[in-house]
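Student: I have a chain on screen and want to learn how to read it. Could we go through it feature by feature?
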Amino acid sequence: MINPHLPRPASLRCHQIRIDPDTVTIVVETTAPSGPCPICGRTSGRIHSRYTRVLADLPWQGQLVRWCLEARKFFCDTPACPRRIFTERLAGIADVYARKTARLNEALVCVAFSCGGEGGARLATRLGMPTSADTLLRRIRDTPSSRFTTPRVLGIDDWAKRKGQRYGTILCDLEQHCPVDVLDDRKAETLATWLREHPDVEIITRDRAGFYARGASSGAPQAIQVADRFHLMQNVRQALVRMLERRHRRLVAAARDVAATRSQASSTLSIRGPPKHARERQLPRRPPLREVRRSRRLERYQKVMALHREGSSQRRIAKQLGINRGTVGRYVHMGGFLERAPRKYASKVDSFTDYLRKRWEEGCHNAAQLARELMGQGFRGSYCTVRRRVAHWDRAVVIESGGKSSSQPPVVHPPSANRLAWLLLKEPETLDDDGRIFTETLFRRCPELNDAGALAREFGTMVRQRRGDALDAWIQRARDQAVPRELRMFATGLRSDYQAVKAALTTYWSNGQVEGQVNRLKLIKRQMYGRAKFDLLRKRVLHTG
């Protein structure tokens with residue numbers, strides 16, 4: 001099928017079709033009585049000679065197709081024309097010097113943009129269009145960039161060339177739902193230059209990065225800037241995380257209070273330990289991976305605190321130890337080493353936990369026996385799942401000796417600061433029992449966290465309902481000296497970016513679809529393996545065919 005945008009193809013006449021085991025050969029010739037000179041444009045019908053061109057074409061039922069095309073050369077009779085002899089042009093069939101037909105090239109271009117170099121070469125070969133990865137990359141580079149009209153509503157976000165080190169910028173038309181350009185960096189000057197070249201932008205949505213705010217103000221002062229609502233929620237959550245990390249000791253104390261309350265509630269239950277003749281549990285040959293990682297974190301924390309006590313700045317500590325300056329700041333302000341809470345995963349055994357606890361308290365500590373009993377009740381998991389669930393229960397076993405009972409206190413892990421920040425952002429009535437009990441205990445120990453959580457939830461409601469009229473009053477309350485420092489700093493940041501935040505709470509536009517385009521860019525970048533050079537990546541991201 002010929003592309004309708006190409007010139008009308010020359011007239012062809014088929015002489016012969018040869019079908020071999022692997023190849024179909026078509027012998028054709030042109031039937032046009034004359035041809036135009038490519039220099040002067042004058043038509044000539046005086047034939048100089050003939051020659052054969054071999055062109056690859058689209059496959060037939062997976063078979064390779066080759067055209068043996070008899071083309072002609074003509075004399076140019078224009079005295080002033082520098083070209084005395086010219087070759088017949090095959091408009092719509094093949095370009096000059098081409099070894100493939102135009103429609104085969106078009107198919108390869110589609111494969112190249114969709115799958116890249118190596119992946120595209122494998123797919124094209126499987127489809128009967130053998131080619132190399134370098135050829136496909138040349139097809140991408142030779143394709144003209146898509147033209148676009150200046151968007152009225154522009155979305156801006158960054159993407160990582162190398163995470164934490166080098167970044168670029170993607171620009172999207174939020175009305176047409178497509179990217180319009182990709183920039184090689186995320187500097188304010190680069191963005192301002194692009195905006196000056198496209199002065200028709202009326203609305204700009206962005207995250208709250210300072211360089212984008214400066215670039216948009218400098219390059220398009222007439223445009224309305226809109227802060228992204230998702231990033232606003234991320235910012236308030238990060239403020240809560242920093243606030244909680246600084247109160248890590250109170251989190252641990254609250255977790256101990258919850259554990260003590262639960263142990264008192266179950267004090268009437270007696271759990272007998274293993275018999276005296278039972279072998280002691282052998283220690284593993286090497287420490288678990290989580291212990292190794294914990295020791296590394298602890299060692300790094302101790303080095304940071306030692307350098308801090310010596311008077312080194314956070315920037316200098318980060319450079320000396322090769323870690324992020326934000327990590328150094330968290331270590332300095334949280335007042336102690338931060339233990340990581342174990343993650344909780346959903347399991348098939350969750351609905352049978354009460355029965356397992358009852359049988360364990362009755363003295364059945366055989367995981368295989370417990371698994372068989374559960375399978376009789378409809379359990380579809382494995383023995384290993386049951387064993388993992390009861391493996392840590394022996395930490396709370398009561399060992400009776402000499403008429404006195406002694407118990408090893410269970411290890412207490414408070415929720416991580418990230419998880420607890422999400423709990424504070426939720427409405428209290430939506431929390432599960434564990435979250436509600438822990439937050440209530442924590443609020444009794446640290447009442448200012450209750451006020452901070454109420455402020456954060458109010459801000460979240462304001463963002464979701466787009467109540468821009470309540471922003472001023474909220475900032476005023478959040479900047480009160482009784483509010484934790486982290487939320488006060490967040491409110492100060494909102495004040496410095498007031499117009500963009502106000503627009504986010506009063507307009508429809510946000511940066512959500514730009515995040516989707518960044519995700520697509522990441523997919524394309526990973527498909528290209530080590531060949532994701534910026535010009536190739538930009539062509540593929542902007543390609544809309």
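Tutor: Start with Glu373, which is buried at a relative accessible area of 18%. Buried means under 20% relative accessible area, exposed over 50%, and partly exposed in between, with a 1.4 Å probe and protein chains only. This is a predicted model: local features need pLDDT of at least 70, side-chain atom pairs count only at pLDDT 80 or more, and totals for chains, interfaces and linings use all residues. Residues are numbered from 1 along each chain as its sequence is written, and side-chain values use heavy atoms, with hydrogens and water left out.

Student: Which helix holds Glu373?
Tutor: Glu373 sits in helix α12. Helices (H or I, at least four residues) and strands (E, at least two) are DSSP runs, numbered from the N terminus.

Student: With which side chain does Glu373 make a polar contact?
Tutor: A polar contact is a pair of N or O atoms within 3.5 Å; within protein, one must be able to donate a hydrogen and the other to accept it, and residues adjacent in sequence count only if both atoms are side-chain atoms. Here the partner of Glu373 is the side chain of Arg359, at 2.9 Å. Now take contacts, meaning heavy atoms within 4.5 Å. Glu373 touches Tyr355 and Arg359, once neighbours within four places in sequence are set aside.

Student: How do I read an aromatic pair?
Tutor: A pair of aromatic rings is described by the distance of the centres and the angle of the planes. Rings of Phe, Tyr and Trp (its six-membered ring) pair if their centres lie within 6.5 Å; planes under 30 degrees apart count as stacked, over 60 as edge-to-face and the rest as tilted. The whole structure has 9 aromatic pairs. One of them joins Phe352 and Phe379, edge-to-face, with 5.5 Å centre to centre and 80° between the planes.

Student: Which parts does the pair of Phe352 and Phe379 tie together?
Tutor: Phe352 lies in the loop between α10 (325-333) and α11 (353-361), and Phe379 in the loop between α12 (367-376) and α13 (383-390), so the pair links parts 27 residues apart in sequence. Phe352 is buried at 14% relative accessibility, and Phe379 is buried at 3%. Elsewhere, Phe459, Trp474 and Phe490 make up one aromatic cluster.

Student: Now sheets. What is the order of the strands in the open sheet of 5 strands?
Tutor: Strands of a sheet pair through backbone hydrogen bonds, either parallel or antiparallel. Two strands pair if DSSP finds at least two bridges between them. The order here is β10-β9-β8-β11-β12, and the pairing is mixed. The edges are β10 (178-183) and β12 (224-227); each has a single partner strand, so one side of each lacks a neighbour in the sheet. On average, neighbouring strands of this sheet are turned by 30° against each other, direction ignored.

Student: In which sense do β8 and β11 pair?
Tutor: Strand β8 (residues 153-162) and strand β11 (residues 203-206) pair in the parallel sense, over 3 bridges. Leu154 has Ile204 of β11 as its bridge partner. Helix α21 (residues 534-542) packs on the sheet and touches β8, β9 (166-173) and β10; its direction makes about 170° with that of β10. Axes are lines fitted to C-alpha atoms, for helices over the stretch in contact, and angles run from 0 to 180 degrees between N-to-C directions.

Student: How many bridges join β8 to β9?
Tutor: There are 8, and the two strands run antiparallel. Ala160 stands opposite Tyr167 in β9. The strands β8 and β9 form a hairpin with 3 residues between them, and Gly164 in the turn has a positive phi of about 85°.

Student: And what joins β9 to β10?
Tutor: Those strands also run antiparallel, joined by 5 bridges. Ile170 faces Val182 in β10. Their hairpin has 4 residues between the strands, and His177 takes a positive phi near 60°.

Student: Why is β9 described as largely enclosed?
Tutor: Because 7 of the 8 residues of β9 are buried, the strand is largely enclosed by the rest of the structure.

Student: Is Ser44 buried or exposed?
Tutor: Ser44 is buried, at 4% relative accessible area. This residue lies in strand β4 (residues 43-44). A polar atom of the Ser44 side chain lies 2.4 Å from the backbone oxygen of Phe75.
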